[in-house]
Amino acid sequence: MKIMPNRMDYGFFKYQDEFEQKVLSVLRSGRYVLGDEVACFEKSFAAYTGAAYSVGLASGLDALWIAVRLLGIGPGDEVIVQGNTYIASVMGITINGALPVFVEPDVYYQLDADKIEEKITKNTKAVMVVHLYGQVADMDKITRLCQKHGLKLIEDCAQSHGALYKGKMTGTFGDVGCFSFYPSKNLGAFGDAGAIVTNNACLAENARVFRNYGSEKRYYNKVVGANSRLDEIQAGLLNIRLAHMAEITAERRLLADRYSAGITAKDLVLPMERECTQSVWHQYVIRTGRRQELMDYLAKREIGTLIHYPIPPHLAQAYAGLGHKRGELPVTEEYAATVLSLPMYTGMRVEEQQYILECLNSFS
Ligand SMILES: *Cc1c(COP(=O)(O)O)cnc(C)c1O
């Protein structure tokens with residue numbers, strides 16, 4: 001049995017008729033960018049998250065950098081972010097000329113709330129929390145810290161659509177929640193797409209203007225903006241997937257439970273769910289000191305696994321200019337050296353997961 005780390009086709013075939021009909025109806029509508037499907041998605045996505053407003057954008061990275069820009073953060077400013085994130089979180093900061101200040105993760109792979117305060121300086125403007133792997137950061141502590149120090153709070157929810165902290169959805173705790181709908185995400189489009197959610201009417205309006213060359217009215221440009229428009233086909237397809245999100249999330253939670261109950265192999269560190277949170281398991285990430293050996297062993301049995309992520313941003317070549325050294329973020333670096341993501345996707349068959357478990361448990 002050949003198993004890939006992700007199967008985006010399964011997620012398509014599950015709702016194939018709905019997706020295909022939607023594409024045809026958009027093609028026949030004559031309206032292809034920022035139309036009714038986008039407006040409908042923005043309304044439904046805001047309602048889904050519990051935020052007052054949602055603005056559709058072209059990608060998750062755009063959501064991040066545009067949010068940072070519209071919060072007035074730029075050169076000379078510092079933004080606190082966890083060390084173990086996808087590099088896009090960090091680029092959302094540095095595109096604006098601001099400096100990322102890295103903080104170590106906790107045992108749930110999330111920004112360690114107890115290590116934030118020591119990194120705050122007079123230049124700190126914001127905290128960017130990334131709900132990595134679909135798990136949830138300690139939002140009570142983090143929101144309290146941001147209030148105490150007058151910092152903006154940005155949530156990178158590219159992996160956490162639908163994840164809950166005390167019943168409240170990630171993305172709605174701070175000033176702005178930034179989402180990606182890249183095809184592999186839990187709420188995936190069939191191309192690039194993203195959005196912000198916010199309760200700030202002014203910020204939402206500014207994002208709406210910014211994404212379309214800074215124009216409020218056609219050819220009347222208020223500010224220097226960008227082209228970060230969401231198109232009708234992606235929004236239409238997202239409307240369909242969003243209607244099935246409860247089912248999609250429940251399935252991932254079931255798959256994660258089966259992994260957690262089924263893995264008996266010793267020396268593997270399993271992921272934990274923080275109290276009072278509901279993870280949406282974008283990835284099911286284990287840890288082992290024998291990672292390469294385990295990957296090779298599984299690959300020999302046609303089971304594909306991935307590493308999220310092998311090189312932490314502070315050690316990426318792209319950020320060599322920041323002058324960070326290996327050893328500066330020991331927890332982040334330890335995770336980068338030992339994490340392994342097991343296959344996890346909508347439509348995973350019971351036999352597939354059983355085969356993965358059998359192989360894992362016979363690894364010794
Ligand atoms: C995917 C991802 C992004 C970027 O989203 P794109 O749509 O690919 O630009 C940002 N942050 C995290 C944590 C991600 O996983």
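Modeller: Let's start with handedness: α4 passes α7 in a right-handed crossing. A crossing is right-handed if the near helix is turned clockwise from the far one by less than a right angle, and left-handed if anticlockwise. This is a predicted model, where local features need pLDDT of at least 70, side-chain atom pairs count only at pLDDT 80 or more, and totals for chains, interfaces and linings use all residues. Residues are numbered from 1 along each chain as its sequence is written, and side-chain values use heavy atoms, with hydrogens and water left out.

Colleague: At roughly what angle do the axes of α4 and α7 cross?

Modeller: Axes are lines fitted to C-alpha atoms, for helices over the stretch in contact, with angles from 0 to 180 degrees between N-to-C directions. Helices are DSSP runs (H or I, at least four residues), numbered from the N terminus. Here α4 (residues 60-70) and α7 (residues 201-210) cross at roughly 120°, their axes coming within 10 Å.

Colleague: Which residues make the contact?

Modeller: Contact means heavy atoms within 4.5 Å. On α4 you'll find Trp65, Ile66, Arg69 and Leu70; on α7, Leu203, Asn206, Ala207 and Phe210.

Colleague: And which residues are closest to the ligand?

Modeller: 13 residues surround the ligand (a heavy atom within 4 Å), the closest being Gly60, Asp156, Gln159, Ser180 and Lys185. A polar side-chain atom of Lys185 sits 2.7 Å from a ligand oxygen atom, while a backbone N or O atom of Gly60 is 2.8 Å from an oxygen atom of the ligand.

How values were computed
Polar contact = N/O pair within 3.5 Å; in protein donor to acceptor, adjacent residues only side chain to side chain. Helix = DSSP H or I, 4+ residues; strand = E, 2+ residues; numbered from the N terminus.
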